[in-house]
Amino acid sequence: MTAIRSRAWTGAALTLLSVGLSACGGTSKPLGGTDAAAKVYVAPGQYDELYAFLSGGFSGNVVVYGLPSGRLLQQIPVFSQYPEKGYGYSEETKAMLNTSWGFLPWDDAHHPQLSITNGTADGRWLFINGNNTPRIARLDLTRFETEEIIEIPNAAGGHGSPYITENSEYAVSGTRFAVPTPQEDMSVKDGKFGGVLSFVKIDPKSGRMSLAFQVHVPGFDYDLARSGKGPSRDWSFWTSYNSEQAKTLLEANASQKDKDYIAAVNRKVAEQCVAQGKTKEWKTPYAHNTVGEDGIARSEMLTSEKILEAADCPGMIYFLPTPKSPHGVDVDPTGEFIVGGGKLATVIPVHSFSKMLKAIEAKAFEGEVDGIPVLKYDQVIAGEVQNPGLGPLHTEFDGKGFAYTSVFITSEIVKFSLKDFTVVDRIPTYYSIGHLMIPGGDTEHPYGKYVVALNKITKDRYLPTGPELTQSAQLYDITGDKMKLLLDFPTTGEPHYAQALPASVIKDKQLKTYILTESKDPNVTKSEKEVKVVRQGAKVHAYMTAIRSHFVPDIIEGIQVGDSVFFHVTNLEQDWDVPHGFAMLGARNAELLIMPGQTRTLVWVPQRAGVYPFYCTDFCSALHQEMQGYIRVSVKGSSVPLAWNGGAGTIK
Amino acid sequence: MPVGKPGSRKVGRPARRKTTSRSPDLPTSRLRPSSRVAIALASLALLVLYLAPLWHVGLKAPQYPEGLGMYIWVNQITGEKPQDLNSINGLNHYIGMKPILPESFPELRLMPLAVAAAVAAGLLVALVARRKLLYAWAALFTAGSLVGLADFYRWGYQYGHELDPHAAIKIPGMSYQPPLLGSKQLLNFHATSWPALGGWVALLVLALLLALAVREWRGARARTG
């Protein structure tokens, strides 16, 4: 309370001071607070400079913000049902949440990755991983919708995922929790666990994903990943912890060794081995869900994986010893430096890609683990950043020769030079930063200008809201020698990681409406003349339309208790920003939110005889309140005939 | 911005050509060669009407900051953006206005023929080079343009006044006739109506024809008088 009050007083004092200065026409140099405000102020009606895509963490969503204002623009449901949009509730979207375990209504979304061309974000797709039941989703950035989800078999904890290669050839994915590979019933304490590093191929035209192959690795916990760039473009890197392979009380038991490993995988070598048939087949089921041209999501169950063992494919994988329980593994824009975020280390280790190649050439190995050569630390290390603070996690780059590392325990961002690996600046975060994000800071051509801190706790930064406080991010200016805090902004879920790109890359590609005449949806109703209601046994299909400000039909009779009523509602609007909603009293479901030109389907099973209303939920027009209709429900076996108004219906 | 030397403007003013510098042997009933060229070019310029719209009607409202609009061509009516006509019709149903359906306007079948006739007539005038033919053509073109505008007004009046009595929004005394030329506030919409590229070309051709007719008339009078 005292802290808050004293900050408020400082704020007031600053305001008075600046008023005083401007009143007497004082200096043109703005004061700190005013300066920051000017840098993040986006006037009403103006656009932000950047789109930022923050993981919604345990909300399962991707959350879109404008930068530098920190204004919330959109929530994109990915791994969780989202009633606001009917996502995971409508018949068209349910299949997106199918897995080999059946329909899963939730997951934990961690690391967004923009698709890249020549190492730069191209604004086509955004990929994000589901951590709990390992999956990778692909979002379309003209519609801001999830278009595809592929389950990753044989993995547990899809954390080090979905890190994109230089031209979006692959999204790579690790196994955070060592498990029996493939799964079988065994003793936890004595069983030999393993993991897989998965290579998910991305079709360059359609973006469609397919599981190309998996590399079978020792049972460490593979944490984060990055794919290389420039000279290292053929390689992908994963950090690992728990090289002790502890099964219990990992917080101590997995923290015993001074060094764990970064796994470096050469995918060209792996591809050759796959082509030469050096794989074996595992048969773990996994789901692949895609939205078709008709806008409907469908699932395919697959059961075959190509598995590569290190022993069968020499030259494919090496371990780089790295202190200590490293989190991030981040490749600088030149592709030469690989920065390990040694969570428990006293230094930030920076490996050299060129030294790594030389060490491999010279066979400078200190040993091997399960047939995987371990390179000598002093043969691959380029430098160690001294005094980086406690708990360095994750590093991004400004493209000007500096790296910015989030440091969790001492709650700060540390900036160091890639020339001499010395710390040149540091600034506190509020509080306990996890990842950080510089726009394009993980690509070959960073946009720079800002760094966003994605914090784990907020404590006293905002008005308190009971035991659970808001999640939070912070925006810093990195244009000068010294970092400057510009803005705190609240976020949802837990913002694990983020991506950002200049608004101009995707702003003008946004779809405004679905073209009704081009709809391939089998349930579309293209005009009010075509509406109909069809009974097929206990199923009734109502093909309906919505346009400002009415539904057709808005009277349906002849529905019976226990029927499954499929409301296929087409939004006939062809005007931007005129979605219609659809909600039915007693539907054990959510609403539909139907975009212009789109058809969505809600299923309702009436339970009691009577007359029940449905209505438009999205305030569409001046007569939105009038946009409603009635369904007459009769007892089972009733002789009330099926009837409706509109189209060929008999109710006039 | 380039600035000329002081006084440079004063020099070299060309001697004004006499308006009656017609070659003395040209009969007064015939058009001057320069007029014939101008008439031929003006006639051909009318071909633009097949490539560019005649008229633009625009609508802006708080809910439509980007505006809705439609173009009237000699043979079609289109939305300014692909779905605009659809949207305008959708909005108009609230006030009970009939939907604007291009196929319901016979003018859109007649106008292409009228334009073809105008081009042919103009080329004929240039070829035959009779002064009186120019007068006749200028008069017909003027009359045709006025009839077109009157027809446009008539449709506007009809759409604006013949409203479905069952409409949701009924405001006593309110009609929704778009402006013939200029702008007008219609409920929440600010409506504008201006010639589009084709319309401007047609108007320029009209002005040119009238100017040529006057020029020929004055020339002929000077010769005979």
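This is a predicted model: local features need pLDDT of at least 70, side-chain atom pairs count only at pLDDT 80 or more; totals for chains, interfaces and linings use all residues.
**View 1. Chain B and its order of helices and strands.** Chain B contains five helices and five strands, which follow one another along the sequence in the pattern α-β-β-β-α-α-α-β-β-α. Among the contacts in chain B with a separation of 6 or more, 64% are accounted for by residues 24 or more positions apart.

**View 2. Helix 3 and helix 4 of chain B.** Helix 3 of chain B (residues 107–128) and helix 4 of chain B (residues 131–161) have axes that come within 10 Å and cross at roughly 165 degrees. The two helices, helix 3 and helix 4 of chain B, are therefore roughly antiparallel to each other, and the crossing in which helix 3 passes helix 4 is left-handed. On the side of helix 3 of chain B the contact is made by E107(B), A114(B), A118(B), A121(B), G122(B), V125(B) and V128(B), which meet L133(B), L134(B), W137(B), F141(B), G144(B) and D151(B) in helix 4 of chain B. Sorted by class, this contact of helix 3 with helix 4 of chain B has nine nonpolar, two polar and two charged residues.

**View 3. Helix 4 and helix 5 of chain B.** Helix 4 of chain B also has its axis within 10 Å of that of helix 5 of chain B (residues 197–224), with a crossing at roughly 150 degrees that is left-handed. From helix 4 of chain B, R131(B), L134(B), Y135(B), W137(B), A138(B), F141(B), T142(B) and S145(B) meet A202(B), L206(B), L209(B), L210(B), L212(B), A213(B), E216(B) and A220(B) of helix 5 of chain B. The residues in this contact of helix 4 with helix 5 of chain B divide into 12 nonpolar, two polar and two charged.

**View 4. Strand 23 of chain A and the strands paired with it.** Strand 23 of chain A (residues 337–342) is mostly covered, with six of its six residues buried. F337(A), V339(A) and G341(A) point one way from strand 23 of chain A, whereas I338(A), G340(A) and G342(A) point the other way, and all are buried. Strand 22 of chain A (residues 326–331) runs antiparallel to strand 23 of chain A and is joined to it by four bridges, with V331(A) standing opposite I338(A).

**View 5. A six-stranded sheet of chain A.** Six strands of chain A make up an open sheet with mixed pairing, in the order 43-42-45-46-40-47. Strand 43 (592–594) and strand 47 (643–644) of chain A stand at the edges with a single partner strand each, so one side of each has no neighbour in the sheet. Within the sheet, strand 45 of chain A (residues 610–615) and strand 46 of chain A (residues 628–634) run antiparallel and are joined by six bridges; F614(A) has G629(A) in strand 46 of chain A as its bridge partner.

**View 6. Where chain A touches chain B.** Seven residues of chain A are in contact with five residues of chain B. The side of chain A that touches chain B consists, by class, of two nonpolar, two polar and three charged residues.

Key:
Residues are numbered from 1 along each chain as its sequence is written. Chains are lettered from A and ligands numbered from 1 in the order in which they are written. Two strands pair if DSSP finds at least two bridges between them. Axes are lines fitted to C-alpha atoms, for helices over the stretch in contact, and angles run from 0 to 180 degrees between N-to-C directions. Angles under 35 degrees count as roughly parallel, over 145 as roughly antiparallel, 65 to 115 as roughly perpendicular and the rest as oblique. A crossing is left-handed if the near helix is turned anticlockwise from the far one by less than a right angle, and right-handed if clockwise. Two residues are in contact if their C-beta atoms, placed from the backbone, lie within 7 Å. Ala, Val, Leu, Ile, Met, Phe, Trp, Tyr, Cys and Pro count as nonpolar, Asp, Glu, Lys and Arg as charged, and the others, Gly among them, as polar. A residue is buried if 20 or more other C-beta atoms lie within 10 Å of its own, exposed if 12 or fewer, and partly exposed in between; C-beta atoms are placed from the backbone.
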